[in-house]
Amino acid sequence: MLYRENGQFKTSYRADQQIFPIAQDRIAIALLLAVAFLVVPMLASDYIFRAILIPFVIMALAALGVNILVGYCGQISLGSGAFMAVGAYGAYNFFVRFPGMPLIPALILGGLCATFFGILFGLPSLRVKGLYLAVATLAAQFFSDWMFLRIKWFTNNSDSGSVSVNNLQVFGLPIESATSKYLFCLALLVVVALLAKNLVRGAIGREWMAIRDMDVAAAVIGIRPMYAKLSAFAVSSFIVGMAGALWAFVHLGAWEPAAFSVEISFRLLFMVIIGGLGSISGGFFGAAFIVVLPIVLNQFLPAFMGLFGIEVSTAGVSHAELMIFGALIVWFLIVEPHGLAKLWSTAKQKLRLWPFPH
Amino acid sequence: MKLSKLVIAAAVVAAGASTITTSAFAQAKEQFFPLLSYRTGPYAPNGVPWANGKQDYIKMINARDGGINGVKLTFEECETGYATDRGVECYERLKGRPGVSLFDPQATGITFALTEKAPVDKIPLMTLGYGLSVAQDGQAFKWNFPFMGSYWTGADILIQHIGKAAGGMDKLKGKKIALVYHDSPFGKEPIPLLQERSKMHGFELQMLPVTAPGVEQKATWLQVRQSRPDYVLLWGWGVMNSTALKEAQATGYPRDKMYGVWWAGAEPDVRDVGEGAKGYNALALNTSGQQPKVIQDILKNVHDKGQGTGPKDEVGSVLYTRGVIIQMLAVESVRRAQERFGKGKVMTGEQVRWGMENLALDQKKLDAMGFGGVMRPLSTSCADHMGSTWARVHTWDGAKWNFSSDWYQADEQILKPMIKAGADKYLADKKMTRRDAADCQS
């Protein structure tokens, strides 16, 4: 009843090609943005910002990047952690080696480093596909682990291999408080998400999807596989690299190569699969599930068991957290193999007919 | 139908989360100790006794003394799994609690991340025997306290001991010493000092990294077999240590030529290897065993009442005792702060920081607290945030650890300029200046 498009007529191609053709969607997104930018900074506590919202926003950005490669172009990658690491260390080197380097150009240059690295390790995708490619991209992960542990130049000759940044500023405004960090990351996320959405709606996105669905057929209708695949690697690793730089600069402040280990590659892939392959909103859902759920479980379980007078040990909680988390992933994938984004779009479909389903 | 269930589940979770946040802020006049720990993951065998010791000491102080001058002690544990991002999350979760005193991050990686955050939040960090070596310079690192030793002091003492065992430091010339280390900031920290010592004495330093967590060491020990170093220094943690000892056994490398840092010298490291680890040496910051009075107090006041954390027979093990020492230093810092800022009051992080900077635990005090013989006296100042750089070596005889050397002190002559240079570089990178004399009084 509320979510019905009766009476919304589109009289031009422009109107038909909007990102959100339904008026209710536009209102909902505008409200969501208003809440995210205005209401949340007023309500959320320091802890919610630093431990939940900032990691969520940054990981959503990374998942968005991975989704372009895995979801839209169908190139399964296990090297996302490496692209994040290259973005982080690239931005770090630009930041410390050029005095007075502003933060945003450093992040973009870090993203460009990751782009180059991504194209380099995307080359095997021209020959190998599917799981074989996934294994090939693992090489990127191992290579970056090795590179940032061993080559001292990348860590500015730090003895321990751990590096740190401070005095972050954007246009003279310090990025120190939790609110400013959150707003900065969120603004970047919104800009990148908008660009990505338009990219996947355009010609290049259609090429990616054609390659994903059947690369031979795509080649037959005139899509160049090399161009399509490498551009997907380039765009994806640029976004993932920027997310890596944000993770290091804004969230951790000081980091070591272990912060971008193979585990983070797996987590990003899980985010994309659970969130929904080939959808921009999927990245957000997936990031929320993977980042927030363990933390919520970790705090919720002791309180929940406390209601029944049972005290659980710290170890017990973290074991239970892993078990419940694993079980939920399996359950979700059985109930909805296309991810949370699909669940969301099903809900929207049902809402259109509500309250009179066929 | 699936959707409705989902919504209900989400609502239940959300409701639960909100009740915790409200209930946790209810208490007041209590000194709160946030305990970061890892009871899961590849480092759990070593993380568990350490965390147990910390908890038991707090419980014992509450039961025996009724807190610090009447201020009750509370704690909450937060599981990090040794992962930096989870550690940061735990820190953010616990730092806002009322009466929060200090953080012991229990991991070098987390320490690095928190070093950036602690000055902003005005909460001190205690990193006993680990963390940033240059943080001994309290004039540069106001909020870091690497009590009782850093990786540089540890490496220095090991070289001194090896030199003594070889019959004099000049005998080290031409010898080959291999460093088998955990490939992380934790393992890499000692390298600059070892390089310095190798230049001084003319021994060859061979670097053999082991990828974290350290179960895959075949290639490393193949290199050991090939180059036959005269001594092996083991810079491992958790599962890496026992694996290294097994590999040494398989390679036929003599265990009595192996020297571990104090994080590679506890029961979990050697227990599974048993006889195979016989003769293996490691640094020791503290004793082990149930004889010391403080351990007896814990057994009497906590474990005999059925409130102990962990199994009773692990009380007094090497890492358990270290946990007790860490918590004792935390409690004494609060007590010291109370002497200046008001007895019987809850101290803020800033006040506890002053307490940590002005600790003076001499032998008499230690004896009175039941720590006689367990550790060396310790006294800190604005310039020296470490307080004591003494350690000795103990050797595994197949069943227990026995002390095999006298106390050594790390060589000031070598350490001082290195720490000064490192701290100056840190300050220059961060565009900060040294604390002046007035700041030292605050």
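1. How many salt bridges are there between chain A and chain B? In this predicted model, the count between the two chains is five salt bridges. One of the salt bridges joins the side chains of R86(B) and E321(A), with an N to O distance of 3.1 Å. Polar contacts between chain A and chain B were also counted: there are 10 such residue pairs, with both residues at pLDDT 80 or more.

2. The next point concerns the elements of chain A that take part. On the side of chain A that touches chain B, the elements giving two or more residues are α3 (46–72), α6 (130–150), α10 (225–252), α12 (280–307), α13 (314–335) and α14 (339–353) of chain A. Of these, α13(A) gives the most, with eight residues. By residue class, this side of chain A divides into 18 nonpolar, 14 polar and seven charged residues.

3. The extent of the contact may be stated for both chains. Chain A contributes 39 residues, and chain B contributes 36 residues. Together the chains bury about 3,500 Å² between them, and 60% of this area lies on carbon and sulfur atoms.

4. A separate point concerns one residue of chain B. H161(B) is located in helix α5 of chain B, which covers residues 151–165. Is H161(B) buried or exposed? H161(B) has a relative accessible area of 10%, and because this value is under the 20% cut-off, the residue is classed as buried. Leaving aside residues up to four places away in sequence, H161(B) touches Y259(B), V393(B), S405(B) and Y408(B).

Key. Residues numbered from 1 in each chain as written. Chains lettered and ligands numbered in written order. Predicted model: local features only at pLDDT ≥ 70, side-chain atom pairs only at ≥ 80, totals over all residues. Heavy atoms only, no water. Contact = heavy atoms within 4.5 Å. Buried area = accessible area lost by both parts, 1.4 Å probe. Salt bridge = Lys/Arg side-chain N within 4 Å of Asp/Glu carboxyl O. Polar contact = N/O pair within 3.5 Å; in protein donor to acceptor, adjacent residues only side chain to side chain. Helix = DSSP H or I, 4+ residues; strand = E, 2+ residues; numbered from the N terminus. Nonpolar A, V, L, I, M, F, W, Y, C, P; charged D, E, K, R; others polar. Buried < 20%, exposed > 50% of the residue type's maximum accessible area, 1.4 Å probe, protein only.
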